[in-house]
Every structure is written in structure tokens, then in C-alpha cells.
Amino acid sequence: QVRLVESGGGLVQSGESLRLSCAASVSNFRLYAMGWYRQAPGKQREWVAKITPADNTNYADSVKGRFTISRDNTEKRVFLQMNSLKPEDTAVYYCRVETTTYWGQGTQVTVSS
């Protein structure tokens, strides 16, 4: 059974940083692309970042240059380092095994101005 558990969210001020972590109980984790998504109140869930099995990364324009996605295949974890946070980054952040229906439960990130 696949399980994804996000952690690391919290309340920070504008300009500060947070590091999200997603622990994945996925067989052959290293073979999957992993993604981070977010959903702000009243908005649709949106894609934030992706990392492939070869460690290639892609980012949404809104976070490019501020967020960094990484992975640890030994620990079966994917991370999202978020720097220079803005109030518009406030959302519930989810990790996902890309191209599957496996999602975590989310972790809340709130950025105050």
C-alpha cells in the first residue's frame, strides 16, 4: 500500500524559509518522478515542482528561483526547500507520485506579510 506523508509546514513571515519533506512508502521509489503541488483557499490545486528519477527538475514560474525540489532515494523522501516566501505561497502543500493517484494528506504553509 502506497503512503505519502508530508511534514515541515508552518507559519512564517514574508521572506523567510521552510523545508517540506515527504516520506514515501513506495516500492522502487527511485524509479518514479515525484511532484509537489499546492492548493490555496478557494483555488484549484496547482503544480509547483517535479523531480524525475534522473534528478531533472522543473518548476512553476511562480516559484522558479525561490523553491528547490530534491530527493533522497535511500530514505525514500522528497523535499521542497522554499526560500523568500511570499504571502501568495500560502496553501496546503501536497506531494504526489507523478502520473499516479497517490497523494499525501498535505501540510499547511502560511506566510504572513
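Predicted model: local features only at pLDDT ≥ 70, side-chain atom pairs only at ≥ 80, totals over all residues.
How many bridges join β4 to β9, and which way do the two strands run? I looked this up before anything else. Six bridges join them, and the strands run antiparallel.

G35 has R96 as its bridge partner in β9. I noted two facing positions here: V92 stands opposite Q108 in β10, and Y93 stands opposite T107 in β10.

Next I wrote down the strand order. The sheet is open, has six strands and reads β2-β10-β9-β4-β5-β6, with mixed pairing. Which strands are at the edges? They are β2 (10-13) and β6 (57-59), and each of these pairs on one side only.

How many residues of β9 are buried? I got six of its seven, so to speak a mostly covered strand.

**Entry: the nonpolar core**

I turned to the largest nonpolar core, which has 29 residues. Which of its members touch the most others? I found W36, L80, M82 and Y93. I then listed the elements that give two or more residues to this core: β3 (18-25), β4 (34-39), β5 (46-51), β7 (67-72), β8 (77-82), β9 (91-97) and β10 (107-112). I recalled that nonpolar side chains tend to be buried together in soluble globular proteins.

**Entry: aromatic rings**

How many aromatic pairs does the structure hold? I counted two. One is Y37 with W103, an edge-to-face pair at 4.8 Å centre to centre with 65° between the planes.

Y37, Y94 and W103 together form one aromatic cluster.

Y37 is buried at 11% relative accessible area, and Y94 is buried at 13%. W103 counts as partly exposed, at 31% relative accessibility.

**Entry: charges over rings**

While on Y94, I looked at what lies over its face. R45 does, at 3.7 Å from the ring centre. I found a charge over F29 as well: the charged end of R71 sits over that ring, 4.7 Å from its centre.

**Entry: S7**

Where is S7 found? I placed S7 in strand β1 (residues 3-7). S7 counts as partly exposed, with a relative accessibility of 34%. Leaving aside neighbours within four places in sequence, I listed the contacts of S7 as R19, L20, S21 and T107. T107 had already come up in my notes, as the residue in β10 opposite Y93. I also looked up S7 against Q105: they are 98 residues apart along the chain, and their C-alpha atoms are separated by 9.7 Å.

**Entry: positive phi**

Most residues other than glycine have a negative phi. I went looking for exceptions and wrote down two residues.

N28 has a phi near 55°, a positive value in a residue other than glycine. I placed N28 in the loop between β3 and β4. At 47% relative accessibility, N28 counts as partly exposed.

D55 is not a glycine either, yet has a positive phi of about 70°. Which loop holds D55? I found D55 in the loop between β5 and β6. D55 counts as partly exposed, at 47% relative accessibility.

Terms used:
Residues numbered from 1 in each chain as written. Heavy atoms only, no water. Core = buried A, V, L, I, M, F, W, Y, C linked by side-chain atoms within 4.5 Å. Buried < 20%, exposed > 50% of the residue type's maximum accessible area, 1.4 Å probe, protein only. Helix = DSSP H or I, 4+ residues; strand = E, 2+ residues; numbered from the N terminus. Pairing = 2+ DSSP bridges. Phe/Tyr/Trp six-rings, centres within 6.5 Å; stacked < 30°, edge-to-face > 60°. Lys NZ or Arg CZ within 6 Å of the ring centre and 35° of its normal. Contact = heavy atoms within 4.5 Å.
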